[in-house]
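Welcome! Here is a short briefing for anyone meeting this structure for the first time. Have a look at it, and then we will walk through it topic by topic.

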Amino acid sequence: MSTGPVVRLMAVCGYLVLLSPLAVVALLSVSSGAFLTFPPPGFSLRWFTALAGNADILSAARNSAVLAVLVTLIALLAGFPAATAIARERVPGWVVLLLSAPLLLPTLVIGLALLMTLQPYGLVATWPGLVLAHIVVVLPFVVRVMVSALQALTADMEEAAATLGAAPLRAFLRITLPLAMPGVLAAATLAFLVSFDETVISLFLVGPRLTTLPVALFHYTESRTDPLVAALAVSLVAISIGVIALVDRLVGFTRTVGHVE
Amino acid sequence: MNGATSTRRLSGWLLAAPALGLLALAFLWPMLTLARMSLNETSDTGAMIEAWSLSTYARLAADSFNWRLTLDSLSLSAFAATTAVILGYPMALFLFRTRSRFRTLLTIMAVAPLLVSGTARVIGWLAILGDHGLINSVLISVGLPTVPLINNLAGVRIGLTESVMPYTILALLAGFGRLDARLEEAAATLGARPMRAFWRVTFPLTIPAVSAGWLLAFALSISAFITPHLMGGGRVFVLATEIYDAATQTLDWPAAAALSIYALVLLLILMAAHAAVTRRLTP
């Protein structure tokens with residue numbers, strides 16, 4: 001059945017509301033003006049140049065990248081075995097519930113709870129504190145994606161390998177792991193992006209000496225409104241798209257995620 | 001037989017142990033700490049006093065400001081959820097039905113904002129709605145007076161609606177699964193005009209999807225912090241901004257914790273109410 005003109009017109013309106021802020025951010029990031037005014041007085045790359053020369057933002061960007069890599073690695077190491085246990089139905093239902101519970105709560109509440117817990121131990125604005133905080137929201141995503149990917153594989157293959165005389169570890173390394181690889185990469189990509197973009201929890205746990213890029217963007221937006229924030233926002237989006245494109249090139253991310261859905 | 005089962009069980013626990021340990025340390029323990037903190041008291045000088053009492057809850061309940069805050073948060077979230085469903089419904093219906101070869105691209109565009117940090121989208125709205133933004137520039141150029149659209153409730157409403165739209169669209173799309181185009185075609189064959197066919201056949205079938213999409217949007221709106229904080233410019237007060245201010249500005253941790261617990265209970269009640277209503281509506 002085709003879609004009627006009314007539905008199509010209303011859908012266009014929806015897309016306009018949804019995408020106009022992104023389009024405007026992209027346009028103003030190349031503004032030559034000193035403020036976020038519309039229309040921009042002219043076009044230049046001056047704000048990207050300013051971004052590249054801003055030491056605070058560069059160090060925040062480096063922190064965010066290191067943090068996202070650390071969190072992704074830890075979440076994969078802890079999440080893969082847990083997902084295996086869930087996919088093979090070896091743990092009771094409440095474990096599954098606990099492993100997805102952090103996604104049901106407001107990040108503001110999780111951030112506050114972590115602040116109250118970590119401060120007495122002097123772990124606020126430290127690497128261990130930030131890594132733990134990001135694990136809370138990244139691990140549930142990793143487990144969810146990995147469970148879907150592993151459920152698609154049948155236990156038959158591993159059993160066949162065992163019947164043919166392979167030891168469990170060998171069956172895992174030679175059969176299960178290669179077959180689960182697209183799922184692992186999809187989970188890793190998602191983990192990196194969630195950590196790299198995480199704002200609200202980090203807001204409670206950063207300090208002047210250790211901050212992340214989304215928090216720097218947040219505080220900059222609070223105090224000033226020049227096109228530097230637009231250039232920074234565009235850079236963040238470009239990094240996300242770059243990561244997805246890279247993974248898509250390697251294994252076909254859209255195919256993997258479509259498969260997971 | 002029994003031995004095999006218990007071996008399976010044990011291996012399951014061993015496999016899940018690292019993930020469970022991490023969440024116990026970084027999630028369960030902090031949530032318990034938060035609940036414990038809400039039972040402490042705050043002295044008149046603002047210092048925290050260790051206690052096991054409900055006096056912080058009593059103090060918050062006695063302040064009429066907090067009841068206003070609750071009503072404002074609820075009505076703002078209801079507005080954002082309703083508008084997001086109204087705007088997202090035609091998009092989801094279009095994406096569900098279209099045979100266009102751009103369908104995948106259009107679906108990705110509908111959820112693309114999820115990959116963009118909330119702050120980036122707020123910056124876009126500031127540039128559209130600000131005093132020198134897109135809308136006011138157009139108004140000035142045609143000789144009309146400008147309208148204040150940021151640092152007030154209007155701006156928060158617009159920004160919040162947009163920020164929950166991708167989730168609403170996904171929930172609607174997932175719920176449209178049971179929609180059968182042949183039913184509308186049958187209605188058309190029997191002489192129903194398109195509008196009538198939609199309201200009498202299509203829409204009733206999608207009520208569960210609308211209901212699920214609305215609840216998701218509502219829960220996300222009431223949990224949202226970045227949009228109300230940045231678009232409200234410190235002049236729009238909702239539960240989330242109040243929790244943040246109590247935790248980071250006035251440093252009244254028992255109050256911040258008690259407000260958090262209150263917000264969580266509010267969310268739970270609403271979800272239970274929604275489940276009860278849905279059960280009654282669906283035969």
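Let's begin with one residue: A:Ala82 sits in helix H3 of chain A, which covers residues 55-87. Please keep in mind that this is a predicted model. From that residue we move to the contact between the chains, then to each chain in turn.

- Is A:Ala82 buried or exposed? A:Ala82 is buried, because it has 27 C-beta neighbours inside 10 Å and 20 or more are enough to count as buried.
- Beyond residues up to four places away in sequence, A:Ala82 touches A:Leu99 and A:Val143 in its own chain, and B:Leu15, B:Ala16 and B:Ala19 in chain B.
- Between the C-alpha atoms of A:Ala82 and A:Val95 there are 9.3 Å, and the two residues are 13 apart along the chain.

**Where the chains meet**
- The contact involves 68 residues from chain A and 71 residues from chain B.
- On the side of chain B that touches chain A, helix H1 (residues 2-37) of chain B gives the most, with 21 residues.
- That side of chain B is made up of 49 nonpolar, 15 polar and seven charged residues.

**The nonpolar core**
- The largest nonpolar core holds 157 residues.
- Which residues have the most contacts inside this core? They are A:Leu112, A:Leu139, A:Ala191, A:Ala233 and B:Ile243.
- Helix H6 (residues 127-152) of chain A gives the most to this core, contributing 16 residues.
- B:Ile243 is in contact with A:Leu108 and A:Leu112 from chain A, leaving aside its neighbours within four places in sequence.
- With those neighbours again left aside, the contacts of B:Ile243 in chain B are B:Ala256, B:Leu259, B:Ser260 and B:Ala263.

**Chain A as a whole**
- Chain A contains 12 helices and zero strands.
- Its C-alpha atoms fill a box of roughly 70 × 60 × 30 Å along the principal axes.
- Of the 261 residues in chain A, 46% are buried.
- Among contacts in chain A between residues at least 6 apart in sequence, 75% link residues at least 24 apart.

- A:Leu118 is buried, since 23 other C-beta atoms lie within 10 Å, and the cut-off is 20 or more.
- Setting aside its neighbours within four places in sequence, A:Leu118 is in contact with A:Leu123, A:Val124, A:Gly129 and A:Leu205.

**Two loop residues with positive phi**
- A:Glu89 is found in the loop between H3 and helix H4 (93-100) of chain A.
- Although A:Glu89 is not a glycine, it has a positive phi of about 55°.
- A:Glu89 is exposed, because 12 other C-beta atoms lie within 10 Å and 12 or fewer count as exposed.
- A:Ala125 belongs to the loop between helix H5 (107-118) and H6 of chain A.
- A:Ala125 is not a glycine either, and its phi is positive, at about 60°.
- A:Ala125 is partly exposed, with 16 other C-beta atoms within 10 Å.

**Chain B as a whole**
- Chain B has 12 helices and two strands.
- Along the sequence, its pattern reads α-β-β-α-α-α-α-α-α-α-α-α-α-α.
- Chain B is more spread out than a compact globule, because its radius of gyration is 24 Å, well over the 19 Å that the globule rule gives for 283 residues.
- The C-alpha atoms of chain B fill a box of roughly 80 × 70 × 35 Å, taken along the principal axes.
- Buried residues account for 41% of the 283 residues in chain B.
- In chain B, 68% of the contacts between residues at least 6 apart in sequence join residues at least 24 apart.

**Confidence in chain A**
- The average pLDDT of chain A is 88, and 94% of the residues score at least 70.
- Where in chain A is confidence lowest, and where is it highest? It is lowest in helix H12 (residues 253-260), at a mean of 48, and highest in H5(A), at 97.
- Over residues 257-261 of chain A, pLDDT stays under 50, and the model has six contacts beyond four places in sequence for them.

Definitions and conventions. Residues numbered from 1 in each chain as written. Chains lettered and ligands numbered in written order. Predicted model: local features only at pLDDT ≥ 70, side-chain atom pairs only at ≥ 80, totals over all residues. Helix = DSSP H or I, 4+ residues; strand = E, 2+ residues; numbered from the N terminus. Contact = placed C-beta atoms within 7 Å. Nonpolar A, V, L, I, M, F, W, Y, C, P; charged D, E, K, R; others polar. Core = buried A, V, L, I, M, F, W, Y, C linked by C-beta atoms within 7 Å. pLDDT = per-residue confidence, 0-100. Rg over C-alpha atoms; globule rule 2.2 N^0.38 Å.
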